[in-house]
Amino acid sequence: MNPAIVVLRAIVAREFLRFIHQRERFIAALVRPLVWLLVFAAGFRAALGLSITPPYQTYITYEVYIVPGLCAMILLFNGMQSSLSLVYDREMGSMRLLLTSPFPRWWLLLSRLLASTTISILQVYTFLLIAGLFGITMEPWGYVLVFPSLVLGGVMLGALGLLLSSFIKQLENFAGVMNFVIFPMFFLSSALYPLWKMAESSTLLRDICAVNPFTHVVEMIRFSLYSDMNLAAFGWSFGWTVLLLGAAVWGYDPARGMARHR
Amino acid sequence: MARRFKSLAALLTSVAVATAPQLAMSDEIWVTNEKDDTISVIDIETMEVVRTIDVGERPRGITFSKDYSVLYVCASDSDTVQVIDPETGRVLHELPSGEDPEQFVLAPDDRHLYIANEDDAITTVVDTQTRTVVAQIDVGIEPEGMAISPDGKIAITTSETTNMAHWIDTETQELFANTLVDSRPRHAEFIKDGTELWVSSEIGGTITIFDVATQAEKGKIDFEVTGVHPDRVQPVGFEMTAGDTHALVALGPSNHVAVVNAETYKVEDYILVGRRVWHMDFNADRTLAFTTNGVSGDVTVIDVAKRKALRSIKVGRFPWGAAFRPTGS
């Protein structure tokens, strides 16, 4: 087998092992979007009248609207969780072990990203399954066609986490990431409310939401869940992935990046 | 992506259909737009509006003759029933209808129209061939819903303010019974070969079921939509699915259509549609329902078997009634 694949497989297996040993992490990762879906969305069901915007072709309930946003939320929180564990790895020394591998650093980091994305996607499908059991279903083909979007979205948000982890010196600083990255990204996006609804209160907020990379991930997922393709969202997500991945690799380069100072 | 494959498949199918001899053109749904004084014609195949036809003021009730050669439209504010050629969309002539005709029903003889005159508390019977008023029958205040039994012997007018269903003997053109229903009855239908009469009450929020032979009440259907205030659950128009097994009931400002089991009288499902859903009609085999949504100005297409809204099609302002028209050879 190609040694590069061996590396990838080993890293994915390690991440997977860690994941199944932390059952509470799996449950916690599912509880968060399910609370949003079954409690928050239920409360807003009648309050938010949604007009028809693509990819929807008829009226939908709020629960149906927020499902793609919650899938992206799983990717976002997992990406950040993964960055947290990288900081932990660095403190515990296992990161050093990983980085001493003869393989190029970018490949090691990408493998690590693919590993965390795999876990995220597992969680997303479990979430979609539970949502389906509650009667919130997508188009049958959508469950298949959403896969590439989940991979791209997962790698993009994971790369963001990777980049952030190169800045964070200690585990304790993670609270800052929650406040200054995760929450603004999530709330200033089309995950919870459509952009036209946002524009009713502030066009500035709408514009911020429109450029937020997380919005592009949400819309990419939303369209694919309905067997449709939003080329703009896909293009932006791809661009952001390349940019963030490049920055993260640079950040982890001992000669040039942030790691140099530690 | 799959949609693109689907559209490619649809394109290939349409090419095959176009080249095959004597195959039907797409059927249509005709929708009256109360505030635009127009009719929107929806192509059932493409689910798009293909024609818009100017008609009289405030068109509401709409029905075709049995052979679909002419269309009758209640132009309420023009105080007339217009007879329209569906091919050209031109008004052929107008029928005397009494004031403010809102709903009507065409008798099984394909000749007599029973028209509810909301402002005059009468039901007018018009002969569409001689274009004359045959009879005017005093009924309750603000008559609205109209129905006629399949054998043509009984006509029903419901009156909004009197809260009654008035039973008319079509031979004598006189009332032979009046039965109380819940507040503001809107729509009536004979079902199960004319053995049952269903009457929807908008404010009462119910459908009352009568045994036609005895005119006795035999059941009542209540509605309850999760997350919607009971005052907004207002049953208006309803239609029966194939074989009269289920009724689809438009629940007005609750923005939902209820699926009612016609045997148990229990509501089995609620389907989200556009705002203030009013009336509906089906395609030829009753697999698709088309609901008129007044406030949102669109028509929602429902897959009857899956009980799922497929899409909503923009029409004119305040769509009111809908009627199916086959266009095949």
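A: Helix α11 of chain A covers residues 231–251. Its 21 residues should span 30 Å at 1.5 Å a residue, and the end C-alpha atoms are 30 Å apart, which agrees. The expected span is 1.5 Å times one less than the number of residues. Helices (H or I, at least four residues) and strands (E, at least two) are DSSP runs, numbered from the N terminus.

This is a predicted model, where local features need pLDDT of at least 70, side-chain atom pairs count only at pLDDT 80 or more, and totals for chains, interfaces and linings use all residues. Residues are numbered from 1 along each chain as its sequence is written, while chains are lettered from A and ligands numbered from 1 in the order in which they are written.

Which residues of α11(A) are buried? Among them are A:Trp236, A:Trp240, A:Leu244, A:Leu245 and A:Val249.

Now take helix α3 of chain A, residues 62–92. Its 31 residues should span 45 Å at 1.5 Å a residue, and the end C-alpha atoms are 44 Å apart, which agrees. α3(A) has a kink of about 30°, centred on A:Pro68. The bend is the angle between axes fitted to the seven residues ending at a residue and the seven starting there. Of the 31 residues of α3(A), 25 are buried, so the rest of the structure largely encloses this helix. Just after α3(A) comes A:Gly93, with a positive phi of about 95°.

Chain A also touches chain B. Twelve residues of chain A are in contact with 13 residues of chain B. Contact means that C-beta atoms, placed from the backbone, lie within 7 Å. The chain A side has six nonpolar, four polar and two charged residues. Ala, Val, Leu, Ile, Met, Phe, Trp, Tyr, Cys and Pro count as nonpolar, Asp, Glu, Lys and Arg as charged, and the others, Gly among them, as polar.

Chain B is divided into domain 1 (55–63 + 70–220) and domain 2 (223–329). These bounds come from an automatic or database domain assignment. The contact takes 20 residues from domain 1 and 18 residues from domain 2. On the domain 1 side, β4 (59–64), β16 (185–191), β17 and β18 of chain B each give two or more residues.

Three of those strands follow one another in pairing. Strands pair if DSSP finds at least two bridges between them. β16(B) runs antiparallel to β17(B), joined by six bridges. Here B:His187 has B:Ser200 of β17(B) as its bridge partner. In their hairpin, B:Lys192 takes a positive phi near 50°.

β17(B), residues 196–201, is joined by six bridges to antiparallel β18(B), residues 206–211. B:Leu197 is the bridge partner of B:Phe210, and B:Val199 that of B:Thr208. Five of the six residues of β17(B) are buried, so the rest of the structure largely encloses this strand. In the hairpin of β17(B) and β18(B), B:Gly205 has a positive phi near 70°.

β18(B) also pairs in the antiparallel sense with β19(B), residues 216–222, over six bridges. There B:Phe210 stands opposite B:Glu217. The hairpin has four residues between the strands, and B:Gln215 takes a positive phi near 60°.

Methods:
A residue is buried if 20 or more other C-beta atoms lie within 10 Å of its own, exposed if 12 or fewer, and partly exposed in between; C-beta atoms are placed from the backbone. Two residues are in contact if their C-beta atoms, placed from the backbone, lie within 7 Å.
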